[in-house]
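These are my notebook entries on a structure that I examined step by step. I began with the core and then turned to the sheets and domains.

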Amino acid sequence: MNNMEKNRGNLLLEFFSEEIPARMQSNSEIQLQNLFVKSLTQRDIAFESFKTFSGPRHLSIIIKNIELEQKDLEIEKRGPRFDANQKAIDGFLKSNQLKKNEIIIKETNNGKFYFHSQMIKGKKTYEVLPDIINEIVNSFVWPKSQRWANTDLKWARPLRNIVLLLNNDVVKGKVEIGKNVFLNFTNFTFSHRYFDKKIVINKIENYEQLLEENFVILDRNKRLDKIINDTSSLLDKRKFKLVNDKFLIEEVVGLVEYPNILIGSISKEFMKLPREVLSTAMRVHQKYFSITDKENNLESKFLFVANSIKEKDRDFRVIEGNERVLKARLSDASYFFENDITNTFENWNEKLKNVLFYESLGSIHDKIIRMSNISKIFAKMFGVRLDLAKQAAILSKADLVSEMVTEFPELQGIMGGYYAKIKNEHEEVVKAISEHYKPKGVSDDLPETKLGSLLSIVDKIDTLVGFFSIDKKPTGSKDPFALRRNSFSIVQILINFKINLSLNELLEPSLKEYGCSSHSIKQNLIDFMIDKLKYVFSNKNNRMDVVNSVLNTKIVNDLPIKIISSRIDSISKFTKINDFKIFLANHKRINNILKSEKFSNDAELQINPKVFDTIEEENIYNLSNSFSKEIIKKSICEKSQDFLINYLIKMNEPISLFFDNVIVNHNDYDIKINRLNLLKNLHNSISKFSIFELIED
Amino acid sequence: MSVNNSFQKIITSLQSFWIDQGCVLLQPYDLEVGAGTFHPATVLRVLGPDPIWKAAYVQPCRRPTDGRYGENPNRLQHYYQFQVIIQPSPEDIQNLYLESLKFIGLNPKDHDIRFVEDDWESPTLGASGLGWEIWCDGMEISQFTYFQQVGGIEVKPVASEITYGLERLAMFIQKIENVYDLDWDGIDKKKGGKTYGDIFSQQEKEFSEYNFEKSQTSFLFKQFNDAETECKNLLDDKKNFLALPAYHQCIKASHIFNLLDARGVISVSERQSYILRVRNMARSSCLAWMGKLNE
């Protein structure tokens with residue numbers, strides 16, 4: 001055994017509590033490892049590796065090859081210079097309670113100084129562990145936590161036992177969880193509830209296996225694997241498929257200590273319910289998975305993960321019980337569905353008058369009226385029929401007061417679509433209603449249809465503008481109305497459908513609906529949207545500097561989104577071309593000259609062609625003027641973006657010649673100013689296209 | 001053995017189980033309440049004065065909006081809860097609960113029991129706690145809460161509350177799909193035995209009609225205001241206030257609010273202010289009970 005091994009050992013810490021909410025478990029593992037590593041590092045105790053576990057009741061960490069003793073620590077304190085007066089030296093001795101023979105003189109880079117050095121003997125790890133554990137317990141942050149009995153400590157659920165073993169021995173100590181309330185460190189934990197056995201851990205290396213023998217799989221990945229493997233072996237032979245549900249499976253992993261996959265049946269009578277109703281009733285309330293055949297048709301079966309050990313009789317009972325519960329749930333859902341289809345959109349819309357959208361933003365009914373007004377304006381731009389655009393907006397929120405959506409809010413939109421179909425609404429309207437909440441996040445699918453996209457955008461713009469108009473815009477990390485996500489969705493749709501609308505055109509009708517004429521609110525909205533445009537464009541594999549160069553132009557809020565998009569594409573394409581690189585270099589040179597002259601305004605500057613005394617000046621003058629004209633003519637033509645860049649490239653030679661042959665900083669003030677103005681005007685007209693100086697080489 | 005799992009047998013079994021755990025066996029509070037929690041034995045008692053308080057009782061509860069005219073097999077506007085409140089929360093409270101299930105013929109080892117996160121909050125009582133809903137084979141049969149706050153006041157020491165939904169539990173034990181088919185007394189029908197429906201279906205029908213159609217909202221608005229005024233009056237005299245009668249008025253107001261809600265006459269914007277008014281009554285009553293009204 002070498003020296004390193006002799007001074008090292010393994011450590012086990014386990015927090016055993018009542019059932020911790022599934023959603024908090026993964027993160028608690030990370031937190032435990034971070035806090036532990038931090039505490040050890042602060043105390044200069046090294047270790048080799050660690051492994052963490054989390055489940056409903058057991059949260060633990062094994063640290064391998066941890067040092068059993070802290071390193072000795074030498075603390076050196078510098079005193080006065082060696083030639084300082086006696087008073088200073090005495091002062092140093094006194095304030096540190098030192099004797100004369102306890103200080104020495106040492107040479108440093110700054111000369112000789114008195115020093116006192118002190119060796120602090122490293123403590124045994126087991127001596128400092130109680131402090132560390134107390135530190136961890138007290139710094140732990142749960143998304144939601146509670147006290148219990150007489151404790152002051154807050155934990156996600158009552159903490160009942162703490163295992164602390166070092167080299168297989170219990171570390172002596174305790175954690176204070178309340179006034180005179182302690183948990184002593186122990187060497188035992190508990191089995192699955194079925195056996196409710198106290199389990200003594202004799203060897204850390206057996207910990208995981210020992211618990212598995214007692215039907216607790218500590219490692220959440222192992223539980224996940226078991227669920228996946230057992231599921232596929234059950235389903236494959238019957239040629240079934242599980243409907244993939246990442247969130248649900250992650251949650252279920254946190255609800256069971258020993259997963260037992262079971263399959264139940266759904267009474268045939270319920271299979272006529274909309275598919276989403278079935279799967280939502282199963283998923284949200286019961287945490288059941290849906291099953292389909294190979295062609296993706298829903299089977300009248302459901303799969304669930306029990307927290308039990310396989311046993312035929314019990315499994316049979318458990319399945320039967322779950323089937324009964326689901327039947328009750330689905331009869332409720334059928335009841336809602338039957339009631340809803342006898343109701344009318346008119347009746348629902350009438351009810352929406354009493355449903356508040358937000359204080360001072362009116363009712364949901366007010367919202368659909370605003371949405372329908374805006375839809376009419378945008379309909380043509382989206383290439384949809386005006387009457388359909390209006391109708392989709394008017395019907396879009398009715399389902400919010402339907403019985404089904406009251407019970408299952410996550411079915412909003414989807415139910416509206418079903419009900420619109422039953423009422424024989426136009427199929428585009430049906431589809432638009434059902435998909436208008438999309439995309440729900442940056443990674444969600446966009447609406448498939450034009451009308452759906454229009455409805456989605458109009459809904460979101462109304463929300464965004466409304467909250468901005470009452471000064472409820474997101475601040476810092478606070479975004480209670482999800483306006484950031486909301487505007488991401490708007491931008492994604494705009495870009496994807498190459499919408500020929502500028503930010504101004506997009507926001508103006510909605511601002512008008514709210515009777516909001518504040519210039520600063522509009523500017524805030526535009527800045528907010530530009531920010532999201534930048535994010536979405538750069539996420540589409542565009543260079544950030546190219547994105548910025550276009551979106552930072554002064555007139556960007558008047559530029560149709562599809563032009564912004566194609567301009568970014570064009571510039572990105574050209575960045576690889578040599579001629580364009582030359583243009584960029586020239587442009588940068590112009591920019592540097594102007595920067596050093598501190599031109600502040602962007603106004604058109606007066607240039608006097610009579611002052612020109614070179615052909616190069618005249619050339620630049622003409623180029624600048626003609627580019628100005630071109631950009632006015634072609635700037636908003638999607639296909640002309642390449643043309644405009646080529647136009648810029650054509651300036652390479654004249655600009656180079658200008659720099660080669662013309663001295664800007666001329667002795668004659670008038671000539672100098674005239675030349676600077678010339679460059680400034682050229683720069684101004686180029687900057688209407690893109691702020692090229694932002695593009696990096 | 002139908003006798004052993006009748007509705008009334010489940011109640012008496014739970015009662016004797018919790019009596020054995022040292023609980024005071026109480027009777028229902030004699031007012032309409034939305035949940036067993038409203039009973040002063042829970043709301044006020046967890047705020048003191050005894051550091052140890054253990055009580056168990058059945059409480060009929062009313063949720064006017066859940067009425068379905070006796071036609072829905074799972075929803076009732078009047079139903080029963082069995083409530084256990086123990087302060088401070090004992091270390092083995094989860095096991096005690098599982099033991100109690102055994103006692104009413106539901107052996108946890110024969111089923112899939114799960115503790116699923118479900119935090120509880122009562123906006124009208126200004127009360128909140130953390131806990132679980134307890135699932136037995138996918139059915140929620142109980143609610144388990146560690147009380148953190150009542151009337152906006154920290155509960156110290158923390159109390160644990162267990163609420164058994166008696167109908168659900170009995171339906172599970174009797175393997176019944178319609179609440180009205182529940183065996184109430186374990187006596188054969190021919191010998192005069194009664195089901196839940198025999199006793200309550202008429203009541204559900206009539207009260208659903210009352211809750212949704214017939215209640216006079218003008219009376220109710222007045223009653224709400226009267227209860228609120230009475231509650232304030234009872235707490236007005238800072239030297240001689242009456243906490244229990246004041247809280248009694250708070251419970252009344254809360255139920256009247258639920259009745260108004262069922263009639264759909266409280267708009268969304270008003271809703272919040274009604275809830276706040278009840279909460280203020282609850283808070284003042286709680287403070288009065290603790291003798292802290294003047295602070």
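Before the first entry I wrote down a definition: a nonpolar core is a set of buried Ala, Val, Leu, Ile, Met, Phe, Trp, Tyr and Cys residues joined through C-beta atoms within 7 Å. I also noted that the model is a predicted one.

**Entry on the core.** I looked up the largest nonpolar core and found that it holds 242 residues. Which of its members touch the most other members? I recorded Ala392(A) and Leu454(A). The largest share of this core, I noted, is the 11 residues supplied by helix H7 of chain B, which spans residues 243–262. As a general remark, nonpolar side chains tend to be buried together in soluble globular proteins.

Leaving aside residues up to four places away in sequence, I listed its contacts as Ser375(A), Phe378(A), Ala379(A), Phe382(A), Val384(A) and Ala389(A).

**Entry on the domains.** I looked up how chain A is divided and found five entries: domain 1 (3–70 + 124–213), domain 2 (73–120), domain 3 (220–342), domain 4 (348–540) and domain 5 (571–694). Between the C-alpha centres of domain 1 and domain 5 of chain A I read a distance of 68 Å.

**Entry on the three-stranded sheet.** In chain A I found an open sheet with the order E4-E6-E5 and antiparallel pairing. Strand E4 (73–81) and strand E5 (104–108) of chain A are its edges, and each pairs on one side only. On average, neighbouring strands of this sheet are turned by 45° against each other, direction ignored. How many bridges join E4(A) to strand E6 (residues 111–120) of chain A? I noted seven, in the antiparallel sense. Arg81(A) has Phe113(A) in E6(A) as its bridge partner. Helix H3 of chain A (residues 86–95) packs on the sheet, where it touches E4 and E6 of chain A. The direction of H3 makes about 155° with that of E4(A).

**Entry on the four-stranded sheet.** I also looked up an open sheet of chain A with the order E13-E15-E16-E14, again with antiparallel pairing. Its edge strands are E13 (241–242) and E14 (259–265) of chain A. Two bridges join E13(A) to the antiparallel strand E15 of chain A, residues 289–292. Opposite Leu242(A), I found Ile291(A) in E15(A). Lastly, I recorded that helix H6 of chain A (residues 220–236) lies across E13, E14, E15 and strand E16 (298–307) of chain A. Helix H6 runs at about 35° to E14(A).

Definitions and conventions. Residues are numbered from 1 along each chain as its sequence is written. Chains are lettered from A and ligands numbered from 1 in the order in which they are written. This is a predicted model: local features need pLDDT of at least 70, side-chain atom pairs count only at pLDDT 80 or more; totals for chains, interfaces and linings use all residues. Two strands pair if DSSP finds at least two bridges between them. Two residues are in contact if their C-beta atoms, placed from the backbone, lie within 7 Å. Axes are lines fitted to C-alpha atoms, for helices over the stretch in contact, and angles run from 0 to 180 degrees between N-to-C directions. A residue is buried if 20 or more other C-beta atoms lie within 10 Å of its own, exposed if 12 or fewer, and partly exposed in between; C-beta atoms are placed from the backbone. Domain bounds come from an automatic or database domain assignment.
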